[in-house]
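Subject: Structure handover

Hello,

Here is the structure you asked to have passed on. Please open it alongside this message, as the notes refer to residues by name and chain.

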Amino acid sequence: MTSRRNDSGGLAAPGLGPGKQQRVLRAGFIPLMDASVLVAAAECGFAEREGLTLDLVRDVSWANVRDRLAFRQFDIAHMLSPMPVASMLGLGSNPSPTITPFSLGRGGNAITLSLRLFERMQSLTGIGEDASALDNARALASVLADMRIRGEQPPTLGMTYPFSSHNYEFRYWLAAGGIDPDRDVKLVVVPPPLTSDALAAGAIDGFCVGAPWNMVASERGVGRIVAAKQDIWPSAPEKVVGIRPDWAATNSDTVSRLIVALDAAARWCDTPENHDHLAEMLADTRYIATEVSIIRRVLAGEFSLDAKGNQRLLLDYFVFHRQNANYPRPSQALWIYSQMIRWGQVGFSEKGSQQAASAFRPDIYRQALGDAAAPDDGDIRIEGTTEGDRFMDAMVFDPADIDAYVGAFPVGSRHHQTSTSHDF
Amino acid sequence: MSNTDLTILVIDENAVRAAIIDEGLREAGHTHVTVVHEVNGIARIVETLAPDVIIIDIENPNRDMMEHLFQLTRTVARPIAMFVDRSDTTSIEAAVDAGVSAYIVDGLKKERVKPILDMAVSRFNAFSRLQRELAEARSALEERKIIERAKGILMKMRGLSEEEAFALLRQTAMNEKKKLADIAQSVVTAAGLLL
């Protein structure tokens, strides 16, 4: 069920269950496909089976979601995985303690460039239609060098939020190609549903955003997809369920029920036979309000790279449950922290490390689902070492030595010692 | 710096509401008020204006863009923008309820900011009241039109005078414990089906 905020801004009083624990949960979400698990939990009876009612409330910005969770207008929220980490580190406007006991899955992000920019990359470097993400990034670096020589303005690229997987993944991809995201291009924030229009209007020359907005732009013939999140780092955390730690403590039984419901919903979303049903639900005006056929193809990983018919099949484009996708692994929070340090949002400290890791709460996940549901390779693991799960630049992340990891990147804000101003 | 010396930036795509807030701030003695209706080029405006307070509509998806802006300015050691005062939860809750989100640049005292925020909240509420009244007036007009049509149908089909037609509608509404407009609507619908 969905409700828009009414005129007075008031929402229904929270329902209290036995033992005075809350059973009616107001859940804020942004219209994106990675809200699927929440939508399925609310619509397909998974929440009901646990005695919970999920009241999904659509919102327009991540800043709103964050503030409305902090000010108790939401009990739980669909959030970008870096948001709880930023909150625990005290970053951003109005940081209020936020934790996540459950990840909503992986995948869905991609990078799209304007056709004009992509054609220029092709004519300058001769890259083919099936060039790799890294080759595409290097080709863009060549175009940027060419633009500088000709005295042209650097391109403007859109992402979603300063503390977002999109910000870090876009920067990772650019930097892997030798591009300095703070100097060679201009990064701006564009709300996801507006990305395709902004690209068509020439307001931006590319963007990194979640599904289905990359496909919407490519099928409209205004953009070309040049990298998917799998190309950058398949295990990169995406959206999570954010909650307030004090609320979680006083509603521990409810939180356990919620995790059980979300776990069942995530399994359901991962089953291909359910994708027609899921696509129908998501396409509704209460949720994403876009063509069901696009959503269906995005779920299948049938990627339309452009409007010319270039296709790519990404079997794991969306992972809702399998591969321990729901497990809030603290080493992933630490990887997010490393990228915050890399781009100058925060400095490294041992205390910061602890704060960042404390945003992801596998203990609450295990309490609800049992130790058997947890992965067997630990809460803190070295990332990027297994076949099929490497970073695009072959770096390896050792959470025990974040400082050295950040220092090893050839491109990052530590190379900006002389920088005094940002042109934004 | 007195309260009225504050530089205030109002970002609202709704020109009517922006005008109401602008007027309220000026009535309260604030002269350094800048109103913008679109966020294009807002970074430049924020930079040149260096506002003490930014008031933005919470329904504006570009709030995330503002977050990015503050993040960037922070990295070049400009003041941190804050969402009012973190400790003042009630006033923020009221603001969030009313649909206003205020960014107060760090270093401002809560006592100075609170009246501005309160004003913005009350203007936001006044605006939504205005909208509601407008909607009510519109539906009242619609109802009158429907009643006129129902009267016309009864006059024509049953040969009643205008007064008799109205009396019949009112009596039926009373008998059935329904609104006059609802009965009138049924008459119009029925006539549409039967004729």
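Predicted model: local features only at pLDDT ≥ 70, side-chain atom pairs only at ≥ 80, totals over all residues.

Five strands of chain A form an open sheet with mixed pairing, in the order β2-β1-β3-β11-β4. Its edges are β2 (53-58) and β4 (99-103) of chain A, each of which pairs on one side only. On average, neighbouring strands in this sheet are turned by 35 degrees against each other, direction ignored.

Strand β3 (residues 76-80) of chain A pairs with β11 (residues 239-243) of chain A in the antiparallel sense, over five bridges. Within that pairing, Met79(A) has Val240(A) as its bridge partner, and Leu80(A) has Lys239(A). β3(A) also pairs with strand β1 (residues 24-29) of chain A, here in the parallel sense and over two bridges.

Is β3(A) mostly covered or exposed? Mostly covered: five of its five residues are buried. In a regular strand, side chains alternate between the two faces of the sheet. In β3(A), Ile76(A), His78(A) and Leu80(A) point one way, while Ala77(A) and Met79(A) point the other way.

The largest nonpolar core has 160 residues. Those with the most contacts inside this core are Val37(A), Leu38(A), Ala41(A), Trp173(A), Leu262(A), Ala265(A) and Ala356(A). Helix α12 (residues 252-270) of chain A supplies the largest share of the core, 10 residues. Another core, of nine residues, lies apart from it and includes Ile146(B), Ile147(B), Leu154(B) and Ala165(B).

Trp173(A) is one of the buried residues of α7(A). Beyond its neighbours within four places in sequence, Trp173(A) is in contact with Ile111(A), Ala133(A), Ala137(A), Ala227(A) and Ile232(A).

Why is α7(A) described as largely enclosed by the rest of the structure? Because 12 of the 12 residues of α7(A) are buried. Among them are His166(A), Glu169(A) and Arg171(A), along with Phe170(A) and Leu174(A). The length of helix α7 (residues 165-176) of chain A also agrees with expectation: at 1.5 Å a residue its 12 residues should span 16 Å, and the end C-alpha atoms are 16 Å apart. After α7(A) comes Gly178(A), with a positive phi near 90 degrees.

Backbone points to look at

Most residues other than glycine have a negative phi, and most peptide bonds are trans. The following places depart from that pattern.

- The peptide bond from Ala211(A) to Pro212(A) is cis, with omega near 5 degrees. Pro212(A) sits in the loop between β9 (206-209) and α9 (213-219) of chain A.
- Arg72(A) is not a glycine, yet its phi is positive, about 65 degrees. The residue is in the loop between α3 (62-70) and β3 of chain A, and it counts as partly exposed, with 15 C-beta neighbours inside 10 Å.
- Ala289(A) has a positive phi near 55 degrees. Its place is the loop between α13 (275-283) and α14 (292-300) of chain A. Ala289(A) is exposed, with 12 other C-beta atoms within 10 Å.

Chain B

Chain B has seven helices and five strands, which run β-α-β-α-β-α-β-α-β-α-α-α from the N terminus on. Of its 195 residues, 34% count as buried. Among contacts in chain B with a separation of 6 or more, 62% are between residues 24 or more positions apart.

Regards

How values were computed
Residues numbered from 1 in each chain as written. Chains lettered and ligands numbered in written order. Helix = DSSP H or I, 4+ residues; strand = E, 2+ residues; numbered from the N terminus. Buried ≥ 20, exposed ≤ 12 C-beta atoms within 10 Å, placed from the backbone. Contact = placed C-beta atoms within 7 Å. Pairing = 2+ DSSP bridges. Axes fitted to C-alpha atoms, helices over the stretch in contact; angles between N-to-C directions. Core = buried A, V, L, I, M, F, W, Y, C linked by C-beta atoms within 7 Å. Expected span 1.5 Å × (residues − 1).
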